[in-house]
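Please keep the sequence and the 3D view open while reading.

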Amino acid sequence: MSETPSYLGVPITRPKVAFFDFTACEGCQLQILNNEATLVDFLSLIEVVAFREAMTESSDDYDIALVEGSVTRADEVERLKTIRKNAKVLVALGSCACFGGVNQLKNRFDDQEWVKKEVYGDHPIETQRAQPLHEIVDVDMKIYGCPIKKEEVEKIVTNLVLGKSVKHPKYPVCMECKANDNICLYDLGEACLGPVTRAGCDAWCPGSRFGCWGCRGPADEANMDEMVNIMKERGFSYETMLDRLECFGGFAEFTSKLKDQMEQDKENG
Amino acid sequence: MIFKILAKQEMPKLFQVMSANRIIGPVEKGADRNGKTIYAFEPVSQFEKLRLDYTTTSRPAKSYFLPSKETLCTFKVTPQGWDKYVDFNIHEPHIFFGLHACDINALNKLDKVLMNTKYPTPYYTAKRKNMFIVGIECMPQPFCFCKSMGTDTADNGFDMFLTDLGDKYMVEIESARAYNFLENVETSDPTEKEHEEYIACIAEKNRNFCIDVDTTDLTKILDMEFHSDVWKQWGDKCLSCGTCASVCPSCYCYGVEETVNLDLQSAVKTKQLYSCNLLDFAEVAGGHNFRPESGTRLKYRYYHKHRGFVEEFEESLCVGCGRCDESCLADIRVPEVIKSVRTGKREKTESGES
């Protein structure tokens with residue numbers, strides 16, 4: 001590792017990068033620190049100026065802000081707006097930042113006071129509807145996954161540093177699942193959102209015989225109507241479908257439609 | 001062509017003689033929700049693991065000669081510039097022990113595009129040239145329509161081919177290498193009675209096909225029906241997930257990507273098999289997509305298999321193995337699609353799609 005990295009003999013500028021977290025488990029940031037084998041190379045590409053989980057120092061002078069978590073408090077809204085103002089590029093890191101993540105599950109309860117009481121008892125706590133970052137500020141790029149896949153982040157950061165375009169797969173998880181020679185979860189009688197969920201995870205869960213829960217949100221073309229048909233034909237209830245589709249918030253646009261369909265089906269017996 | 005009779009009790013010995021090489025063959029991979037065995041082509045080191053009576057594998061043997069992902073070359077920056085390292089990724093010969101006729105025919109078709117052409121791809125050719133194939137006769141499964149595609153028998157492209165005659169095999173010897181292997185085991189010349197048994201076995205296979213696809217004038221009909229409504233109807237069902245191409249023994253379309261490694265001192269060029277059904281596939285630089293609609297993409301898969309390839313090589317690229325039909329969650333099946341193009345209407349599938 002040299003002090004100033006270069007590519008093909010041309011010195012490159014290390015962008016100043018800051019990591020931030022909102023309402024989240026901080027697991028995505030942990031992923032960044034996880035891959036020890038490549039961590040030194042990774043850190044030599046960027047200059048980390050703020051990373052609460054990894055360092056004491058902190059600076060507001062940064063080019064790229066990588067933000068984990070969803071927004072669930074009024075002060076978080078203000079903090080996010082400040083980050084947006086400071087950053088040239090704001091990246092949503094992980095499912096919570098992209099879609100609200102597991103946190104947004106509480107949004108499906110009409111009575112938010114009841115949710116608060118159920119979780120926190122009599123402790124006073126300020127919390128509001130969980131929102132993904134893009135509902136509050138402009139997001140320049142999304143890195144999907146719960147958690148994010150470190151290899152994918154490494155590739156994205158390398159491309160950002162070299163000025164190359166960053167591309168996510170538009171196709172669904174099935175493609176990667178088949179590439180890994182996995183047995184289809186539907187053949188095993190299990191539910192899986194692989195056919196509609198964006199790839200890029202290398203079929204992490206189906207590879208461990210655990211059906212996909214859609215943490216990366218919908219593929220660019222996700223045939224939701226057919227997905228519902230497929231699950232219905234195989235005997236999965238609307239409740240099972242909704243549990244999966246609502247889990248990370250990526251399919252929010254579709255789930256309200258599915259709920260209507262469920263009501264309609266129930267009325268028709 | 002030489003025919004020999006090989007007693008089944010000689011098989012472990014034959015396997016052992018061959019096992020100085022890497023042997024890949026059908027093995028049990030698990031069971032589906034109905035208890036039906038799922039088979040896969042995997043490296044086999046014990047003859048007992050080999051399931052020569054397998055029905056079909058859910059994936060073809062393609063990953064051994066056309067892997068889903070393959071490193072084409074790597075680069076390393078040097079003080080003078082950069083070095084390039086190329087590896088065709090075949091380091092020992094492979095013996096495929098127990099390929100059905102459809103899969104052998106798929107290889108023969110791939111040869112036409114990837115090997116016996118003006119610009120052969122060395123990655124495929126190197127693997128194909130280091131391959132020894134033991135074919136085995138099969139019984140048609142519910143999804144098989146190889147007979148309609150003319151691929152129910154393999155005339156070439158293998159070294160030896162076994163047909164099960166009870167306690168013995170009729171062995172068809174196609175190469176000197178196969179003959180040499182068989183010299184290590186006891187064989188005999190087939191008798192007139194064994195000829196009859198062989199013919200009866202093939203007749204039995206013929207009787208067991210339950211799907212027939214009418215391919216008469218299909219190239220012309222596909223040309224006429226380019227704007228047919230059925231393409232959109234099938235497209236509405238299609239998940240654009242690429243499963244059909246992934247499980248297809250003859251799909252070879254791919255993309256190539258160059259990735260700079262994190263150290264910025266090395267890079268890798270990777271080939272990834274694609275599917276024409278994927279949204280990304282027909283996207284070009286600048287973001288324009290030539291086939292943004294699902295139905296159009298699905299249509300092109302059929303046009304490549306059943307029209308383009310036929311015009312070029314006078315045979316279809318589809319071998320009728322039925323893997324895509326069996327694995328398509330949306331129940332899109334080749335025989336039904338082809339029929340719908342002929343009749344101009346899509347018929348409802350058995351599974352009762354509403």
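## A helix pair in chain A

Helix 9 of chain A and helix 10 of chain A are roughly antiparallel to each other, a term used for angles over 145 degrees. Helix 9 (residues 238-247) of chain A and helix 10 (residues 252-267) of chain A pack at an angle of about 170°, and their axes are 10 Å apart; axes are lines fitted to C-alpha atoms over the stretch in contact, with angles running from 0 to 180 degrees between N-to-C directions. Helices are DSSP runs (H or I, at least four residues) and strands likewise (E, at least two), numbered from the N terminus.

On helix 9 of chain A the contact involves Tyr238(A), Met241(A), Leu242(A), Leu245(A) and Glu246(A), and on helix 10 of chain A it involves Phe254(A), Thr255(A), Leu258(A), Lys259(A) and Met262(A), where contact requires C-beta atoms, placed from the backbone, to lie within 7 Å. By class, this contact has seven nonpolar, one polar and two charged residues; Ala, Val, Leu, Ile, Met, Phe, Trp, Tyr, Cys and Pro count as nonpolar, Asp, Glu, Lys and Arg as charged, and the others, Gly among them, as polar.

## Basis of the model

This is a predicted model, in which local features need pLDDT of at least 70 and side-chain atom pairs count only at pLDDT 80 or more, while totals for chains, interfaces and linings use all residues. Residues are numbered from 1 along each chain as its sequence is written, and chains are lettered from A and ligands numbered from 1 in the order in which they are written.

## Domains of chain A

Chain A is assigned domain 1 (6-162) and domain 2 (174-267), with bounds from an automatic or database domain assignment. The C-alpha centres of these two domains of chain A lie 26 Å apart, and their contact takes 15 residues from domain 1 and twelve residues from domain 2. Helix 4 (residues 95-99) of chain A gives the largest share of the domain 1 side, three residues.

## Contact between the chains

Chain A contributes 34 residues and chain B 35 residues to the contact between them. Helix 2 (36-45), helix 6 (150-162), helix 7 (174-179) and helix 8 (224-233) of chain A each supply at least two residues of the chain A side, which by class has 18 nonpolar, five polar and eleven charged residues.

## Chain B as a whole

Chain B has twelve helices and twelve strands, and its C-alpha atoms fill a box of roughly 65 × 65 × 40 Å along the principal axes.

Notes. Contact = placed C-beta atoms within 7 Å. Parallel < 35°, antiparallel > 145°, perpendicular 65-115°, else oblique.
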